[in-house]
Amino acid sequence: MNRGTLKFSEKLLFSLIAATFIFLGVMAVINEFHTGSTKRSGIVTLVGADAVSFGRVCILLGSLPLVVWLPRRWVLPVSCVWGVALLALIFVPLYLR
């Protein structure tokens, strides 16, 4: 086995993590409702546009672990595009308010 390559079981674990994040994000977007727990604030509930924004970010965060299935030469370009998309998804709506 080459250094830096992952076993199938490890890739599957990353895919399950991605599926969990994507599922939570889709549910937040569909229901426009999300309840979570934070260390400092306790239980926090997001409703409406805030829940949809959280869901979109969660879907995008969930897509990153899927990069383990890409060929090695595509990892850097896809990761750079992913990072720019994450920054745009977070900061463009804040700028446009």
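In what order do the elements of the protein run from the N terminus on? The order is α-β-β-α-α, made up of three helices and two strands. These elements are DSSP runs numbered from the N terminus, with at least four residues (H or I) for a helix and at least two (E) for a strand. The structure is a predicted model, in which local features need pLDDT of at least 70 and side-chain atom pairs count only at pLDDT 80 or more, whereas totals for chains, interfaces and linings use all residues. Residues are numbered from 1 along each chain as its sequence is written, and side-chain values use heavy atoms, with hydrogens and water left out.

Confidence is expressed as pLDDT, the predictor's confidence in each residue on a scale from 0 to 100. The mean pLDDT of the protein is 92, and 96% of the residues reach 70 or more. The lowest mean confidence, 90, belongs to S1, and the highest, 95, to helix H1 (residues 8–31).

The overall dimensions were examined next. The radius of gyration of the protein is 16 Å, while a compact globule of 97 residues would have a value near 13 Å. This radius is taken over C-alpha atoms, and the globule rule is 2.2 Å times the number of residues to the power 0.38. Along the principal axes, the C-alpha atoms fill a box of roughly 45 × 30 × 25 Å. The protein exposes about 7400 Å², of which carbon and sulfur atoms supply 70%; accessible areas come from the Shrake-Rupley method with a 1.4 Å probe, and for residues only the protein chains shown count as cover. Of the 97 residues, 19% are buried (buried means under 20% relative accessible area, exposed over 50%, and partly exposed in between, with a 1.4 Å probe and protein chains only). Among contacts with a separation of 6 or more, 52% join residues 24 or more positions apart, a contact being heavy atoms within 4.5 Å.

Histidine 34 lies in strand S1 (residues 33–38) and counts as buried because its relative accessible area is 18%. Beyond residues up to four places away in sequence, histidine 34 touches Ala28, Val44, Thr45, Leu46, Ala51 and Phe54. Leucine 86 is placed in helix H3 (residues 72–96) and is likewise buried, with a relative accessible area of 15%. Apart from neighbours within four places in sequence, leucine 86 is in contact with Val57, Leu60 and Leu61. The C-alpha atoms of leucine 86 and arginine 56 are separated by 9.6 Å, although these residues stand 30 residues apart along the chain.

One aromatic pair is present in the structure. The ring centres of phenylalanine 8 and tryptophan 69 lie 5.9 Å apart and the ring planes meet at 75 degrees, so the pair is edge-to-face. Rings of Phe, Tyr and Trp (its six-membered ring) pair if their centres lie within 6.5 Å; planes under 30 degrees apart count as stacked, over 60 as edge-to-face and the rest as tilted. The pair links distant parts of the chain, since phenylalanine 8 is in helix H1 and tryptophan 69 is in the loop between helix H2 (49–63) and H3, 61 residues apart. Phenylalanine 8 is exposed, at 56% relative accessible area, whereas tryptophan 69 is partly exposed, at 39%.

Cysteines were also considered. Cysteine 58 is buried, at 5% relative accessibility, and cysteine 80 is partly exposed, at 46%. With a disulfide taken as a pair of cysteine sulfur atoms within 2.5 Å, the count comes to zero.
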